[in-house]
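Take a look at the chain below.

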Amino acid sequence: MEKFPDAYGLVKHKVEVYPPRTLQRSDLERAHLPNYLNAVNRDDPRGQPHGLTTYDRNRLGLPPGPRLLERSMLETAGTVSATLAAREDGLAANLAGGTHHAFPDRGLGFCVLNDIAVAIEYLRASGQAPGQILIVDTDAHQGNANHAYFRNDPGVFTYSIHVGKNYPAVKEPGDCDVPLPRYVESLDYLEALQASLPPVFAATEPDLVFWISGADCHSDDRFGQMRLSHEAIAERDHCVLELCREYGCTTPGAGTVLVYGGGYQPKPGMTGWIHAQTVLRTARTHETGPA
Ligand SMILES: [Zn+2]
């Protein structure tokens with residue numbers, strides 16, 4: 001995945017970048033079943049008991065094995081570290097993450113571990129749980145696993161704005177879903193975002209926001225099925241960040257945590273560039289201070 005080094009190269013001299021803390025297997029087991037973690041860790045499940053089935057490998061979309069589990073743990077550690085940094089500093093980003101299709105017992109659509117679920121359970125286990133948590137998911141695909149994971153959790157509100165008839169085929173009801181038509185244009189998208197997200201902030205008054213930004217809303221993306229321009233993505237970012245600031249979520253003790261989500265541009269370097277712009281916009285929000 002070239003987007004990770006590409007975006008890192010664009011932001012590393014403009015924001016403070018730290019390596020993530022190390023996670024333990026027990027940190028993952030708060031959000032995932034041990035049997036699933038064992039199966040992901042197996043190189044070749046064919047003929048072996050307890051590995052991923054062919055069906056599960058196909059729906060995950062990545063070859064299982066120790067390297068995949070290690071890479072996914074590192075990515076998840078980035079979200080845990082960004083969460084702790086955001087609580088301390090107001091705003092932080094993981095230069096990866098947003099794996100919102102990973103369920104406790106199965107991975108889908110390139111998502112192995114659910115980084116936000118692991119981060120929230122990490123906070124709770126360490127006695128640092130905030131009052132109300134809001135997940136804002138502006139990736140082009142529905143955050144189905146987050147919706148399912150937190151469905152009966154009054155401490156976490158899930159919002160997702162996405163293409164209604166796109167992956168995942170089976171949607172999970174969230175606290176606020178905004179399904180849009182295929183190939184939605186910039187203005188229609190922004191109108192729907194601006195009509196639906198401010199009432200969610202008003203109703204929840206969050207202490208901590210996780211924002212899965214998603215680079216796959218752009219018109220050239222291979223899988224997103226949206227037609228947003230670069231300017232519209234900038235406007236989207238501005239809308240989300242202003243709400244976070246307005247509700248005090250960019251101040252120390254509260255927190256806004258940016259994670260990537262998906263992005264699949266055909267042109268080399270473009271996916272990383274889109275993610276990097278969102279990271280830099282988030283950093284600028286921090287520099288300008290509370291409104
Ligand atoms: Zn996506």
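The radius of gyration is taken over C-alpha atoms, and the globule rule is 2.2 Å times the number of residues to the power 0.38. For 291 residues, a compact globule would have a value near 19 Å; the chain has 18 Å, which agrees. This is a predicted model: local features need pLDDT of at least 70, side-chain atom pairs count only at pLDDT 80 or more, and totals for chains, interfaces and linings use all residues. Residues are numbered from 1 along each chain as its sequence is written.

The chain has 10 helices and 8 strands. Both are DSSP runs, numbered from the N terminus: helices are H or I with at least four residues, strands are E with at least two.

Now find the sheet. It is open, with 6 parallel-paired strands in the order β1-β8-β6-β2-β3-β4. Two strands pair if DSSP finds at least two bridges between them. β1 (91-93) and β4 (176-180) each have a single partner strand, so one side of each is left without a neighbour in the sheet. Further in, 5 bridges join β2 (residues 133-137) to β3 (residues 156-163). Leu134 has Phe157 of β3 as its bridge partner.

Next, turn to helix α9 (residues 230-246). Its expected span is 1.5 Å times one less than its number of residues. With 17 residues α9 should span 24 Å, and its end C-alpha atoms are 24 Å apart, which agrees. Which residues of α9 are buried? Among them are Ala232, Ile233, Arg236 and Asp237. Buried means that 20 or more other C-beta atoms, placed from the backbone, lie within 10 Å of the residue's own. In the chain, 49% of the 291 residues count as buried.

Technical notes
A residue is buried if 20 or more other C-beta atoms lie within 10 Å of its own, exposed if 12 or fewer, and partly exposed in between; C-beta atoms are placed from the backbone.
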